[in-house]
Amino acid sequence: MTDLSRYKARSGTFLPVWTLEIQTLPEDTDRILDEVQKVHPMSFGRYQRNASISAVGMETSQPEAGSTTTTHVDGFEAGETETYPMVELKISIERDLGILEKVMDAVLHAHHYEEPVIFLREDWASRAAYDPQSDNPNRWWNNGRGLPQRLS
């Protein structure tokens with residue numbers, strides 16, 4: 001990927017980040033985010049606890065002998081297919097190994113699996129040339145619609 005450290009446009013810049021994509025149960029996202037927030041603010045610009053959560057999909061696997069599924073689920077045979085609901089929870093942090101270690105420890109503590117599916121990517125996150133008084137007609141405070149309806 002191109003190094004964007006010297007990118008600077010009138011509209012803003014980009015910062016190097018790591019993106020963690022965590023597959024989890026829909027009802028576990030808040031617990032994971034709460035644990036991560038104890039060790040990292042998950043900042044994006046002037047906002048904290050930033051994350052994206054995908055729509056509910058499915059995850060599937062075939063547990064091997066000796067897995068926690070074959071150990072804790074009576075009658076489950078190794079090699080059988082299991083499928084469960086899941087979402088992809090994405091957060092970004094600065095590229096710092098010490099921070100990554102703390103965040104991963106928090107995620108692994110809060111996650112319901114002993115071997116959660118987590119992908120780590122090197123990305124670049126935008127940072128806008130922030131102006132809370134902007135008269136841009138597309139901004140939510142100027143567009144006549146305001147913020148979208150809150151989900152929570």
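**Exercise 1.** Determine which exposed residues helix H3 carries on the face turned away from its buried side.

*Solution.* The face opposite the buried side of H3 bears Leu 97, Glu 101, Lys 102, Asp 105 and His 109, which are exposed (over 50% relative accessible area; buried is under 20%, partly exposed in between, with a 1.4 Å probe and protein chains only). The model is predicted, so local features need pLDDT of at least 70 and side-chain atom pairs pLDDT 80 or more, whereas totals for chains, interfaces and linings use all residues. Residues are numbered from 1 along each chain as its sequence is written, and side-chain values use heavy atoms, without hydrogens and water.

**Exercise 2.** State which residues of H3 are buried, and explain why they lie on the same side.

*Solution.* Step 1: the buried residues of H3 are Ile 99, Leu 100, Val 103, Ala 106, Val 107 and Ala 110. Step 2: they cover an arc of only 130 degrees around the axis, and therefore lie on the same side of H3; the arc is that of the directions from the helix axis to the C-beta atoms. Step 3: the buried residues pack against strand E1 (12–24), helix H1 (29–37), strand E4 (82–94) and strand E5 (118–128). Helices (H or I, at least four residues) and strands (E, at least two) are DSSP runs, numbered from the N terminus.

**Exercise 3.** Locate Thr 81 and list the residues that Thr 81 touches.

*Solution.* Step 1: Thr 81 is placed in the loop between helix H2 (68–72) and E4. Step 2: leaving aside residues up to four places away in sequence, Thr 81 touches Thr 60, Ser 61 and Gln 62 (heavy atoms within 4.5 Å).
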